[in-house]
Amino acid sequence: MGSEKKRSSVSRIKTGSFERRLSLTRAGLFAGTRMAGHYATNWFGNRESRQQRRSDMLSRQARYLVEELGQLKGSVVKIGQIMALYGEHFLPEEVTEALHTLEDRTTSLEWATIERTLKAELGEQRLSELEVDPEPIGAASLGQVHWARRREDGEELVLKIQYPGVADAVDSDLNSVAQVLKMARVVSWGPAFDEWLEEVRAMMHREVDYRLEARTTESFRQKLLDDPRFIVPRVVEEYSSDHVIASTYESGHPVGSEPVQSLSLERRSALGKGALELFLSELFIWNEIQTDPNFGNYRIRLAEETGDRDCIVLLDFGAVQRYSDEFLGPVRDMIRASYEQDLDAVIEGGIKLNFMQADWPRPVLERFGGVCMRVLEPLSGEAMEKPDYAVNERGEYRWKQSDLPNRVAREATRSAINRYFRMPPKEFVFLNRKLVGVYTFIAVLAAEFDGEPVLRHYLYGESGSTSG
């Protein structure tokens, strides 16, 4: 469940809006002043050297800003992490690279502070029914996780405890971070960025709504209750509150761990196929998608431990988003058109989703449509030609060796698409990130299987699912 890293601890997280705004404003003004000075003194030289100096300056500014964000902890760090994951269309590459370093900040709160929070949330009587380990088994930006045992029957639980004051600071923190990026001159302000920022705000409010997360967790548990390939913790209501989620402890191994990596190809491929089916169920049936691709949200429980089969343990449902049929309908149509190699229908879907424009030159639309179709390569069967290294001797797709995400990115960058494509709809940003996360998960398993029968099951209701 928890990370093996040794964590430092602090007694409190600064949640006072004034001191947080003051720190962020000071950082933004300082970075902006330095950036202005850089522009004033570095406009000589050729274009290439100016671009390199600007990139170097941006990297230094971003690292400085990230250090300031990291000192404040709480929702500021989570906001930075979300921006790192989903901000590639809105922020300079140098900034997103620096923001990714926030993912390593796992400072936890001292037990005395956590214990006071538990007493306030659950009451002393209810808390006395539990034996809680003071050492956290996991720490994140918004809260930390402690192992617990119910004294009455010995059942093992985990308590996810939100840091005090974090929920109240979400709006002011997000506004402050956005202002800092503006003052530091590392982001282009405009309606598209504002719209994306509001989506981040909505995501943050979902992340701190533990009652919503508890309901979503139970919803997914019910959906997967009869599928032995998946395990979802059961929420224990009597020890849960607005800022605490108690659930059953579900053991498992990280995806990249030696016990998982040493499994046979057949077992690793079965796990990969399960992950693909889960995503397609979210997309085609449930309209609810867990959009956080963090591998910390998954564990593998081995057949030797279950007595039956290898299972994927699903953790943390704070980033689940519900999508409307108005949005997912064209997405599904594009997937179907890509599978059927119908380029015109792919382009039509892209225009409906507003990340292609009807007035683009036809060659650009066709190239963009081709890139979209290439994303479906692992699920295309014989309809799409694949590199020799992406297919094994049995004709099965080699997810790791295929290097598909990098190939698609290079194809898009090299083409004229880059001059026309600006920002996708905010919904598509999160959906695309989930797709990349699923592909990466399967690639880390080094799975080898043909995804076409799985996709056909969801497109046409044909046999292809391996559940049961």
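Residues are numbered from 1 along each chain as its sequence is written, and side-chain values use heavy atoms, with hydrogens and water left out. Because the model is predicted, local features need pLDDT of at least 70 and side-chain atom pairs count only at pLDDT 80 or more, while totals for chains, interfaces and linings use all residues.

Leaving aside residues up to four places away in sequence, Leu 431 is in contact (heavy atoms within 4.5 Å) with residues including Phe 279, Leu 283, Tyr 323 and Phe 327.

Gln 144 lies in strand S5, residues 143–150, and counts as buried at 1% relative accessibility, where buried means under 20% relative accessible area, exposed over 50% and partly exposed in between, with a 1.4 Å probe and protein chains only. Among the residues that Gln 144 touches, not counting those up to four places away in sequence, are Ser 108, Pro 136, Lys 160 and Tyr 163.

Lys 160 also forms a salt bridge with Glu 213, with the closest N and O atoms 2.9 Å apart; a salt bridge is a side-chain nitrogen of Lys or Arg within 4 Å of a carboxyl oxygen of Asp or Glu. This pair links distant parts of the chain, since Lys 160 is in strand S6 (residues 156–162) and Glu 213 in helix H9 (residues 210–223), 53 residues apart. Glu 213 counts as buried at 5% relative accessibility.

The side chains of Glu 288 and Lys 223 meet in another salt bridge (3.1 Å, N to O). Glu 288 lies in strand S9 and Lys 223 in helix H9, so this pair ties together parts that are 65 residues apart in sequence. Glu 288 is buried at 14%, whereas Lys 223 is partly exposed at 31%.

A salt bridge also joins Asp 310 and Arg 267 (2.7 Å, N to O), with Asp 310 in the loop between helix H12 and strand S11 and Arg 267 in helix H11. The whole structure holds 29 salt bridges.

Terms used:
Helices (H or I, at least four residues) and strands (E, at least two) are DSSP runs, numbered from the N terminus.
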